[in-house]
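We begin with the ligand and its surroundings, then turn to a pair of strands.

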Amino acid sequence: MNVSGGQATDFDAMIVGAGFAGMYMLKRLRDDLGLRVRVVERGEGVGGTWYWNRYPGARCDVESLFYSYSFSPELQQEWEWTERYPTQPEILRYANHVADRFDLRADIAFSTSVDSARYDEARECWVVSTDDGAVSTARYLITAVGCLSASRVPDFEGMDTFRGPTYHTGQWPHESVDFTGRRVAVIGTGSSGIQSIPQIAAQAAHLTVFQRTPNFSVPAVNRPLKADEIEQTKSEYDQLRQAARMSPSGTNPADPIGHVLELPDEVRTREMNQRWDYGGAGFMSAFLDTAVNPEANEVVAEYVRDRIREIVGRPEVAELLMPRDHPIGTKRICVDTDYYATYNRDNVTLISVRETPIDRITEHGVVVAGELYEVDDIVFATGFDAMTGPLNAIALQGVDGVMLRDKWIAGPRTYLGIASAGFPNLFMITAPGSPSVLSNMMVSIEQHVDWVADHIAYAREHGIIRTEADPAAEETWGDHVNEVANMTLYPRAASWYMGANIPGKPRVFMPYVGGVGAYRTLCDEVARDGYRGFNLTTRNDVSAAGDIDAKTPVPADS
Ligand code: NAP
């Protein structure tokens with residue numbers, strides 16, 4: 001079939017995005033199933049989030065030995081991570097190594113964006129339009145667009161009048177940015193702000209941080225990895241990876257020691273001290289009750305406030321840095337290097353814009369409460385239209401002409417966070433309704449990709465040409481996602497998990513809180529039950545599947 005004027009453009013599967021999800025999806029479908037696959041990637045290279053987020057201090061908050069693929073024993077043995085937490089350049093090198101090692105680039109169209117995709121019911125395929133003018137068809141469309149890839153700058157008045165350079169952490173320039181001798185503003189104190197602020201402060205003449213909501217942050221205690229610990233982990237990888245797959249968050253933190261409210265003060269404090277000194281997000285799994293009980297949560301929150309009091313020299317600055325509007329852990333915990341201590345520097349000023357928001361941006365800087373803060377550069381660490389943003393950016397049209405963004409107008413609706421009713425043969429990697437951003441993304445990505453690949457293999461074996469989430473199953477899943485979220489304190493925070501950072505975005509808790517292990521078991525059961533909750537249509541069920549079928553052979557026994 002030729003729909004783009006001279007060039008054959010039909011594929012068995014098209015994948016949007018060449019981050020870690022898209023790369024592994026390509027590998028599974030092409031190398032294990034023998035499908036003709038095309039990946040479309042808007043960047044010039046692989047790596048997804050790690051291709052774009054090049055801001056100073058960008059580093060993963062999951063330990064490097066576990067923020068890596070587990071699908072290839074050879075790959076995980078041969079790759080050498082150098083630090084406990086990997087820097088963005090190191091992760092990008094790893095992504096490029098994977099692309100080369102498995103010869104993935106040949107099937108990726110770089111610098112190309114998918115503008116729209118329409119499901120053609122007559123031919124049971126997706127018709128995909130890209131910004132180079134090409135129109136391609138594919139039986140399956142898989143979105144691997146990332147959860148935090150639609151960066152967002154608030155609509156500040158006067159933005160265009162600013163005379164200096166502006167940056168967004170999620171779209172950082174590829175060439176290095178030198179702040180030496182400059183007066184810099186950072187707006188936003190989420191993970192990206194908290195990672196970049198210490199590094200920018202160390203370089204700039206002066207840094208002014210504009211903080212609307214203080215966040216809880218724990219020290220990373222990053223360090224170079226020792227040869228013997230790398231060797232030890234590599235020798236135990238099979239067990240460690242399996243434990244991570246079945247854990248709540250896809251990582252291997254020390255087990256909780258009990259319910260904080262049932263423990264004597266000295267035991268609680270000793271445990272929190274140990275975890276604080278050890279570093280990392282494992283601090284949050286010290287106790288069993290902090291995610292569900294406000295009183296328990298407050299014990300841990302107050303511990304962190306005490307640490308802030310201790311670290312930050314000026315009490316009034318320490319007070320401003322203490323989060324009080326949300327339970328700890330209900331916004332993604334930040335993992336930092338020297339964040340709070342940075343406010344002891346003479347060249348750093350913290351401006352709270354909580355009570356008095358930023359009025360406007362002028363030619364010379366940022367105006368708050370009528371006062372101009374003059375700066376040479378502005379860094380927007382203002383986050384993303386998370387989870388739904390990248391999907392809604394594509395004009396995805398399902399059956400009866402329904403657009404996904406219209407179906408999701410009151411919030412995303414999915415079955416298992418992987419498919420959406422009315423959008424046959426569309427699979428979404430780590431979409432709303434799956435654990436995704438509440439987990440080690442690598443673990444969640446591998447689980448979704450494997451599940452989708454296994455389903456497509458099953459479909460081909462059984463002559464299934466159309467897989468579609470059943471509306472009733474989708475509704476039940478949505479209710480379950482909400483019910484589990486409401487058992488926790490998560491919905492109490494105005495977080496991007498809730499869509500609360502985007503004016504007008506529906507307040508719906510998007511990720512699945514049930515844990516990656518429980519979720520994996522559920523997805524496996526659905527598959528074992530012949531894909532319970534999906535409507536499967538075989539070739540025999542449809543009268544005219546069109547010539548696309550001739551290009552998508554299924555085994556003769558189907
Ligand atoms: P974010 O958590 O959404 O933080 C955005 C910040 O910008 C918030 O402090 C927000 O304040 C502020 N902001 C937004 N609009 C504003 C306005 N009009 N005026 C003043 N301040 C405004 O975004 P992020 O820091 O990029 O992090 C997003 C997620 O990416 C993280 O939660 C994490 O999952 C991921 N991430 C991970 C890593 C890592 O692995 N280490 C690093 C970076 C990011 P409010 O809170 O008041 O809205």
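Of the 25 residues around the ligand, the nearest are R59, S192, Q195, R212 and T213; a residue counts as near if one of its heavy atoms lies within 4 Å. This is a predicted model, in which local features need pLDDT of at least 70 and side-chain atom pairs count only at pLDDT 80 or more, while totals for chains, interfaces and linings use all residues. Residues are numbered from 1 along each chain as its sequence is written, and side-chain values use heavy atoms, with hydrogens and water left out.

**Around the ligand**
- Domain 1 (11–150 + 386–541) and domain 2 (159–380) both give residues to the shell, so the ligand lies between them; the domain bounds come from an automatic or database domain assignment.
- Helix α5 (residues 191–203) supplies the largest share of the shell, three residues; helices here are DSSP runs of H or I with at least four residues, and strands are E runs of at least two, numbered from the N terminus.

**Atoms close to ligand oxygens**
- In the side chain of R212, an N or O atom is 2.8 Å from an oxygen atom of the ligand.
- For T189, a backbone N or O atom lies 2.9 Å from a ligand oxygen atom.

**A pair of strands**
- Strand β19 (residues 464–469) pairs with strand β20 (residues 534–538) in the antiparallel sense over five bridges; pairing requires at least two DSSP bridges.
- Within this pairing, A469 stands opposite F534 of β20.
- Six of the six residues of β19 are buried, so the strand is largely enclosed by the rest of the structure; buried means under 20% relative accessible area (1.4 Å probe, protein chains only).

Terms used
A polar contact is a pair of N or O atoms within 3.5 Å; within protein, one must be able to donate a hydrogen and the other to accept it, and residues adjacent in sequence count only if both atoms are side-chain atoms. Buried means under 20% relative accessible area, exposed over 50%, partly exposed in between (1.4 Å probe, protein chains only).
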